[in-house]
Amino acid sequence: MSAALSIGGLHLRHPGTDRDVVRDLRMEVTPGEIVCLVGPNGSGKSTTLAALARELRPRRGAVRLDGQDVWSISRRQFARRVARLPQEPIAPEGLTVEQLVRAGRHAHQGLWRGWASEDASAVESALIAMDLLDVRKRTVETLSGGERRRAWLAMVLSQETEVLLLDEPTTGLDIRHEWEVLDLLRRIREERGVTLVLVLHQLDRAARLADRIAVFHRGRLYLHASPSECLNHETLRDVFGVDASLSGDSVSPQLTIRAPADPTRRL
Amino acid sequence: MFQTKPRVPTTTPLSPEFLRWQVLLRNHTMQERNGAPHAGVAPLLSVRRAGAKPAVSTHSIIVGILPAAEQLERKTEEFRTLYEEEIGHGSRALYDRGIEYLKTYYRDASSFDPHSITTMLSTESPALVGLEADPQCSLIFYVFDLDEKAEWGRFRCLQLDCTAVVHRRGPVYDNVWWHNALFHGKEDGMAVVQFLHRRTYDTRFGRLELVT
Amino acid sequence: MRLRARTRLHWEALVRWPGFWAAGLLVLLLGTAVAAIRFGAVPLTSSELWAALAHADHPLHAVIVEVRLPRVVAASCVGAGLALSGLLLQTVVRNPLADPGLLGINSGAGLAALCALVVWPDVAGLLPLFSFLGALGAVLVILLAAWGPRRRLSPLKLILSGVAIQSVLFAGIALVTFIYADRAPAFVAFTVGSLNGVGWHHIRWLAPGVAVGFVLAYAARRSFDLLLLDDATATSVGLNVQGTRLLACAGAALLASVSVSAAGLVGFVGLVVPNALRLATGPHHRTLIPLCVIGGAALANVADLAARTAAAPLELPVGALMALIGGPYFLFILWKQLP
């Protein structure tokens, strides 16, 4: 259960502004792959994710899901194939974890087709996968940060899509919970074979999780390659503007930042 | 509909020494500096502003040179092909391939247009607005580096009086735009300025000496 | 100790159970309805009431069927309509402080109705149509103002533009009232909100309007639930966010306008009822929508009964009484719920 994403010549612009935030982006995501989008603030990662999620209409170019333009797919059909978790989702007060997770089944229900057994089993398996059975009756606002993040992930999982798009799923979590969430993501890929595209800020985490990394720089794709090819002294200097060294292997890279540095490429 | 062909302003060729210097400098930039511009390609542009005070505004710009007229469109096509081939691998790969290509591109002064110098400006920039109001302008080159012993780093102070022609489309625009795209990607809202050379002064030590 | 803990748990579960509230409010509604029919210029005992209802030739039959009964039905419909309208608006703007009165929808309906009264005094029967158009116009202006160049309906912008438009419309109402001061008494009753003199001909528009609004809202309950999530998530699970918002706004306009055309500008029912019920039973529309209908009807009847009996034989306007309850409740929400 996975699909390929293909991005061709994408120019993105927020409505009401006159500047392209992302310019001429071309990128392929193969089925079942984990791709991390990294880059400094304002480099266009989240905007790109919004375009992949069929939320922002490209000014030029197209995003294709298994060869089909995402804007030619109906909203509901698309929601059955691609799920997206924004950076800071909001739940209304008084909503329980279980009710939240059930919201993920919206696209699978119709005006006439109500709650069915496969909906119930999808919710159940999402709750189990995210280890939320104990807190399913609690309201979302009473959960701890880590639990809350898992609850949102469970909602996205219950959508049973082929592609998951996650915007900084570990922001605001402590080291332990961050590790847990990343571990869960790896497991989701292994068990469900979904294609995962996520925005991550921490380079070393991205290197550990991703099959390939897409480095963004000033609204353009700087490099799209394996973690070991991406994370090197040159990238860190060109894109992040730091003089840093990397040690350790690609599985657990160590990042030591020495000083800010001037980029040598005038991109 | 009633457009007449714009009158081509009178122009004289750049001094052969200047053009050779520019080509050498660009070759050095690609070979040794990974594309980072040298002071020799970053002159000051001084634009006259009728009725305003001060009556002249100066802008720091980066300039380029054009391939000779008969090669212009072929070179543009080469830039474009290079871009299309590499952009899918990310802008870094494109940049690296671009540098690789330009190392051999800037070699022989005779394959470049001896009449003009080019630059790209944002359509909203005050420099462009000024040039459209009054195309007579000057480019001031200033290179002074005691540590630089090579020929391109020799002490130079030059003032080039030029006539600016603004391009928003056409072969000149395409050439400069695609050359720029190798480094900075596709950019909208830009105009290309072609500075047609009229005369050059050597201004070292406060002189104003016509270069022939 | 342990026993006490368990009983408290049961009590909490009961309080959060929607059925408990439904039953309680229904009892309240029926009680006040019966009381409202019995009390009046001529009080009735229960047995007299049944006798008067059963026999068409009873001397009080006409009073009950033509005056008191329509008033109870109208109060119930107005309360239900305003409460539902408020619920939809609170869902749209994702904020407990929304209310058709506060957002200027009532005033839009009111101004249109007043203008119609002034220009064509003899088309009273078409008043509901005018007030619906007025409410719809107010909603459209609010939406247009909130849409902006970024082409996005954000909850905050909706509230603020609603407040701005409310003040403009209210100025319009004041102006019309001032210019046509000769007809002031009718206008005053309208602007303050009163159920005095409501008959079956008012209900001809009111009841179907509220019924349509209710069915519409209940059919879209699951989408409204998702509207409470943030826009990006709601879109991601397959909801047409802007479309659902528009639907909810249209429903709110319909419900508010039919209510206003019958009872004038009654505020705060739309604020208090959905808000209190949400606090009690959670944010789910499947339970909130029917509960708001019962709760709104009950509150309107209580308020109307109080308005009629508190200073009898003088009759207070029900709108003023509601504002008396609603204003402090508004402050309570501000104090308790908003960060």
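Chain C of this predicted model has a secondary structure of 15 helices and zero strands. Its radius of gyration is 21 Å, close to the 20 Å that the globule rule gives for 339 residues, so chain C is as compact as a globular protein of that length. Along the principal axes, the C-alpha trace of chain C spans about 65 × 65 × 35 Å. Of the 339 residues in chain C, 49% are buried. Consider the contacts in chain C with a separation of 6 or more: 78% of them are between residues 24 or more positions apart.

How confident is the predictor in chain C? The mean pLDDT of chain C is 82. In this chain, 91% of residues reach 70 or more. Confidence in chain C is lowest in helix 1 of chain C, residues 2–16, where the mean is 61. Helix 10 of chain C, residues 221–227, has the highest confidence in the chain, at 91. The model scores ipTM 0.85 and pTM 0.80.

Two pairs of chains are in contact, and chains A and C share the most contacts. Here 19 residues of chain C meet 22 residues of chain A. On the side of chain C that touches chain A, helix 10 and helix 11 (231–236) of chain C each supply at least two residues. Helix 11 of chain C gives the largest share of that side, four residues. By class, the side of chain C that touches chain A has eight nonpolar, six polar and five charged residues.

Chain A also contacts chain B. That contact takes 15 residues from chain A and 17 residues from chain B. On the side of chain A that touches chain B, the elements giving two or more residues are strand 2 (22–29) and strand 10 (220–225) of chain A. Strand 10 of chain A provides the largest share of this side, five residues. The residues of the side of chain A that touches chain B divide into eight charged, four nonpolar and three polar. What about chain B and chain C? No contact joins chain B and chain C. Their closest C-alpha atoms lie 21 Å apart.

Four strands of chain A form an open sheet in the order 2-1-4-5, with antiparallel pairing. Strand 2 and strand 5 (68–69) of chain A are the edge strands, and each pairs on one side only. In general, strands of a sheet pair through backbone hydrogen bonds, either parallel or antiparallel. At one end of the order, two bridges join strand 4 (residues 60–65) of chain A to strand 5 of chain A, and these strands run antiparallel. In strand 5 of chain A, Q68(A) is the bridge partner of L65(A). Helix 1 of chain A, residues 45–52, packs on the sheet. This helix touches strand 1, strand 2 and strand 4 of chain A. The direction of helix 1 of chain A makes about 120 degrees with that of strand 1 of chain A.

P15(A) lies in the loop between strand 1 (5–12) and strand 2 of chain A. Is P15(A) buried or exposed? P15(A) is exposed, because it has 12 other C-beta atoms within 10 Å, and a residue with 12 or fewer counts as exposed. P15(A) and R59(A) are 44 residues apart in sequence. In space, P15(A) and R59(A) are 9.7 Å apart, C-alpha to C-alpha.

Key. Residues numbered from 1 in each chain as written. Chains lettered and ligands numbered in written order. Predicted model: local features only at pLDDT ≥ 70, side-chain atom pairs only at ≥ 80, totals over all residues. Contact = placed C-beta atoms within 7 Å. Nonpolar A, V, L, I, M, F, W, Y, C, P; charged D, E, K, R; others polar. pLDDT = per-residue confidence, 0-100. Buried ≥ 20, exposed ≤ 12 C-beta atoms within 10 Å, placed from the backbone. Pairing = 2+ DSSP bridges. Axes fitted to C-alpha atoms, helices over the stretch in contact; angles between N-to-C directions. Rg over C-alpha atoms; globule rule 2.2 N^0.38 Å.
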